[in-house]
Amino acid sequence: MPPSLARGRRRFAGLALTATAAIGTGALAGGGELDPTTAAIAEEAATIPGVSPGPAPAAGEIDALTNAITSGLRCPVCQGLSVADSTSAAAVTMQRRTRALVEAGYRREDIERYYVERYTEWILLSPTNEGLNKVVWLGPLGAGAVGLLVAASFLRSGARRADRAYPSADAALSPRAPAATDANPATGAIDRWQAAVLAEVDDD
Amino acid sequence: MTPEIGTGLVMASLVAAAAGSALGFQAGARQSLALLDASRRAALTFAGLMILANLVMVGALLNHDFSVKYVAEVGSLTTPIPFTIVSLWASLDGSILFWGGILGVYVLVFTRSLAHRHREYMPWTLGVLLATCVFFALLVAGVANPFERVPSPPTDGPGPNPLLQNHWLMIVHPPTLYLGYVGMVVPFSMICAALFAGRLEDGWMVPLRRWMLVPWTFLTIGIVLGGWWSYGVLGWGGYWAWDPVENASFHPWLTGTAFLHSAMVFQKRGGLRIWTLALGMATFLLTLVGTFMTRSGVFNSVHSFTQSPIGPVFLAFIAIVLLFSVVLLATREHLLVVEDDHAETTTMSGVFGFEVPLLSREAALLAQNALFTVFTFTVLLGTLYPLIAEAVDGRKVSLGEPYFDRWALPLGLLMVFLMGIGPALPWGRMSTARVAPRLGVPALMGLVFASPFALAGFTSPVVLATLALCGFAIAVHALEFWTPWRARAAKEGWGLAARTVFRRTRKRWGGHIAHHGVALLVITIALSKGYKQEQDVTLHPGEAASIGRHTVRYLGSDLSEEPHRTSVGANFAVVDGDTALARMRPHLNYYPTQREPIYTPEVYSTVRDDLYLSIVEIDKDGAYVVLRMIAMPGMLWMWLAGGVILLGSLIVVWPDARRATRLSAPSAVATETPA
Amino acid sequence: MNAPARRGVNWTVLAVGLAVTVPLIALFAASFGNDPRAVPNGLVGGPAPAFQLPDLEGAVVASDALRGKPVVLNFWSTWCGPCKQEHGALQEAAKRHPEVAFFGVLYNDEAEKARRYLEVAGTTYRHLVDDDGRAAIDFGVAGVPETYFINAAGDIVHKQVGPLDGRSIEAWLARAGGQ
């Protein structure tokens with residue numbers, strides 16, 4: 001049944017193949033051809049038009065940086081997975097392209113902007129903190145503040161009434177508690193514990 | 001005949017539910033026991049008919065009766081029998097019938113278990129419960145009737161969605177989650193009943209908490225199983241992607257958990273009344289919202305079935321239930337009569353119903369509630385924001401793992417911290433001098449717990465902090481077993497002491513065990529997220545590659561034909577030097593109905609870590625394979641943690657052999673102590 | 001047994017409750033028409049990215065040399081059903097519009113397979129091999145088939161997601177400046 005196992009999932013570096021083919025056949029007649037060398041195509045592959053790369057990162061940092069960028073990009077053909085996580089052809093292609101750009105010395109912001117220009121901010125799995133998007137960054141903080149305020153108001157109302165009669169757990173746990181009069185220290189401990197349990201609601 | 005029998009059963013169940021609901025409300029309004037009895041019978045009839053309708057559908061699936069619309073849609077002669085039964089929930093219409101069936105099971109068990117008690121509440125409960133049943137019976141009978149007759153039945157069908165046939169977990173995960181989702185209607189109805197009846201006593205709070213805990217347990221296990229399915233099937237080496245539908249199951253879990261805790265404050269101190277009721281209602285409402293997200297096609301998700309006419313109908317139902325809940329709570333809540341012994345605290349309370357000393361159990365529970373609510377709000381906002389952005393300014397935005405993780409990390413750490421602090425603090429006021437040792441010893445144990453991990457190379461500060469906090473929480477909960485056990489053991493020996501203490505405080509033990517499960521779960525999340533290693537390699541037969549401490553050798557590919565699919569596998573040996581430890585065969589399953597194969601990963605689990613292999617690409621002749629290798633520490637413990645939570649919950653929920661086993665007074669100990 | 005005969009509404013609960021629930025319902029209702037699977041493209045309306053790709057015979061085509069006439073770029077692959085469905089319509093249109101440069105761009109596929117497919121299905125224009133997927137990412141392709149209509153000035157006039165038919169090709173060509 002499976003006629004082509006690699007269907008839709010190709011990820012083999014195509015550069016070498018393409019380049020060989022280009023050298024082998026040379027230019028044909030027709031509009032719009034150039035006759036570039038292998039190097040021209042290969043070099044072309046790792047640029048972002050209009051942006052100049054910085055110094056290339058150290059070899060040890062390339063993996064981490066590539067992964068950091070692709071973890072934040074949404075795979076276009078998946079359902080909410082990141083480019084880093086997905087094994088689909090489209091995602092693998094993007095992983096490779098990102099790595100090439102990282103190796104060429106582009107910064108994270110440049111590479112992300114490159115993707116956003118093409119796929120809009122949809123491609124970012126964590127939205128920017130701009131415009132309406134502020135809602136998702138400030139919203140949880142606001143909710144946290146409200147939660148703190150409400151909780152604190154309970155505590156304040158408790159503090160103001162500190163002098164009032166109030167069930168005290170100390171009483172249950174204190175050595176003077178009736179249950180602890182037993183001479184046996186072990187029984188004393190268990191009874192104190194039990195008193196503490198009773199002081200709590202043992203609901204059912 | 002099957003289409004007519006099935007439709008007939010659903011119609012009859014619709015009538016039974018409608019009658020039972022009307023009778024229930026009447027019985028409540030008139031305080032009539034005769035009407036209550038009639039309503040109860042109608043409820044049992046509904047349950048029986050709905051369950052029967054499900055069995056008829058399963059029968060039709062097994063008999064390959066393609067004259068039934070749903071069987072023609074998802075049935076196939078070649079599908080193995082287990083997956084044929086599973087087809088019941090493989091597609092939209094069937095899953096709604098299945099929903100009705102689960103509803104039937106809940107109605108049956110609930111009605112029977114509380115048969116002749118709680119006469120003030122039961123009529124209203126049945127009224128509300130059966131009203132929701134009316135809606136689902138209407139859905140099944142109308143928009144989504146799976147029993148519709150196919151005029152010219154095909155000789156064979158396409159079979160269920162391949163993704164559902166691909167793993168045994170698909171047999172367990174959906175029903176578990178359904179049991180969690182659907183069951184939330186029971187506590188919802190019970191809360192509505194309290195509001196209608198204008199009273200809420202401990203006698204009703206006890207079954208209410210229990211009926212929240214039952215679906216909560218299923219929901220928890222369903223979520224864990226869902227993570228396991230995602231991990232074992234989807235091939236990306238993760239278990240939680242903050243997919244809208246995963247979030248949808250997380251919302252009611254958060255509010256349900258908050259309810260279980262705030263209910264304790266309500267029962268003990270009479271405070272947080274509106275809040276507790278609102279949380280209980282919200283939990284059910286969020287399951288409806290979650291179902292809508294799954295079914296409407298408004299969200300992009302692994303789970304969403306295609307756009308269907310059910311969406312608008314369901315939204316109308318959600319709107320009705322939401323508004324009904326808000327109005328009911330706003331107009332009836334202040335009429336509630338509560339237990340007398342709360343009256344004292346209630347009258348001396350501040351605006352929120354009661355006062356809270358800083359170092360007390362209630363303060364910890366209050367903080368827990370605030371935290372869970374903020375967490376729910378955050379996840380809900382993040383899930384809905386793409387819709388908001390599109391509605392407001394037409395932009396498409398995405399929120400995924402990087403966004404949610406950023407919030408989940410601090411919130412999760414705080415949750416674990418409170419989980420440790422809460423049980424260490426007693427109810428009511430307590431002096432700092434007494435609190436210090438109760439927290440100090442476990443805190444020390446937390447550090448002790450984290451240190452071997454630090455020595456083993458897990459040096460990330462966040463991971464270590466999580467481990468220490470989890471160790472702290474585990475120690476606090478463990479001391480709650482240990483202290484009384486040791487104290488008793490001095491007199492009656494370890495074995496007997498364990499039995500006595502367990503019997504006397506069974507529910508507390510269950511709670512502590514469940515919390516241990518949660519701590520274990522958080523530990524595994526921290527380890528697997530912090531120390532996941534992955535790489536893609538290209539291997540030719542005979543070549544080997546390593547990740548972490550594992551090495552695999554590629555042996556070549558093979559092809560196997562099964563009646564319902566063809567599978568292409570890449571064979572690997574997990575090797576240690578020259579010894580082969582295991583064979584692994586990540587593979588691609590080809591289903592006749594689907595052009596693209598399903599990439600199925602394979603996992604080699606050890607106590608320390610998992611080795612996860614997923615095919616990226618395989619050459620048709622087996623000349624090479626592009627393989628994604630992932631090593632994740634501690635994964636086995638994640639699924640085990642689910643089991644621990646289940647065990648703890650079961651201990652709590654398990655019906656009492658005799659009600660009198662609870663502690664009555666400290667003196668009871670003395671009389672039972674052997675001389 | 002009866003509740004106290006107090007009447008009234010807790011307006012705070014009502015207000016907070018409605019403030020939470022009504023927007024939620026409205027949001028869901030407003031979202032029904034959305035296509036959650038659509039992937040937006042930020043390049044439409046602006047200049048098309050430059051490309052330089054070999055065709056199936058290995059001759060390289062560069063976008064610079066195409067400036068001055070409308071271009072249609074059709075991203076496709078042999079494993080994609082809808083691509084085959086629109087294949088005929090595209091061949092027809094290319095024959096009718098010699099003033100427009102039509103190109104197929106092979107997406108995540110092997111040149112050999114494309115060659116075999118085209119031998120059977122026939123073709124009236126050239127197909128480029130985007131072997132490392134660079135052109136696809138440069139154009140913001142999210143899947144196949146996707147077709148870009150580029151005018152003589154080099155701006156993307158339209159991006160078609162999913163299969164085209166003869167009539168829609170004509171309509172978009174008219175916008176791109178074909179005759």
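Colleague: What does the pLDDT of chain A average?
Modeller: This is a predicted model, where local features need pLDDT of at least 70, side-chain atom pairs count only at pLDDT 80 or more, and totals for chains, interfaces and linings use all residues. Residues are numbered from 1 along each chain as its sequence is written, while chains are lettered from A and ligands numbered from 1 in the order in which they are written. pLDDT is the predictor's confidence in each residue, from 0 to 100. In chain A, 54% of the residues score at least 70, and the average is 69.

Colleague: How many contacts does the model have for residues 1-43 of chain A, beyond near neighbours in sequence?
Modeller: Two residues are in contact if their C-beta atoms, placed from the backbone, lie within 7 Å. Where pLDDT is low, the predicted coordinates should not be read in detail. Over residues 1-43 of chain A the pLDDT is below 50. Residues 160-186 of chain A also stay under 50, with 41 contacts beyond four places in sequence; for residues 1-43 of chain A the count is 84.

Colleague: What radius of gyration does chain B have?
Modeller: The radius is taken over C-alpha atoms, and the globule rule is 2.2 Å times the number of residues to the power 0.38. With 675 residues, a compact globule would come out near 26 Å, so chain B agrees with the rule. Its C-alpha atoms fill a box of roughly 80 × 70 × 60 Å along the principal axes. The radius of gyration of chain B is 27 Å.

Colleague: What share of the residues of chain B count as buried?
Modeller: Buried means 20 or more other C-beta atoms within 10 Å of the residue's own, exposed means 12 or fewer, and partly exposed is in between, with C-beta atoms placed from the backbone. Chain B has 22 helices and 12 strands. Of its contacts between residues at least 6 apart in sequence, 73% join residues at least 24 apart. The buried share of its 675 residues is 56%.

Colleague: Why do β3 and β10 of chain B each have one side without a neighbour in the sheet?
Modeller: Strands pair if DSSP finds at least two bridges between them. The open sheet of chain B runs β3-β12-β11-β10, with antiparallel pairing. Because β3 (533-539) and β10 (602-605) of chain B stand at the edges, each has a single partner strand.

Colleague: Which element gives the largest share of the side of chain C that touches chain B?
Modeller: The contact takes 24 residues from chain C and 30 residues from chain B. The largest share of the chain C side is 10 residues, and they come from residues 11-30, helix α1 of chain C.

Technical notes. Helices (H or I, at least four residues) and strands (E, at least two) are DSSP runs, numbered from the N terminus.
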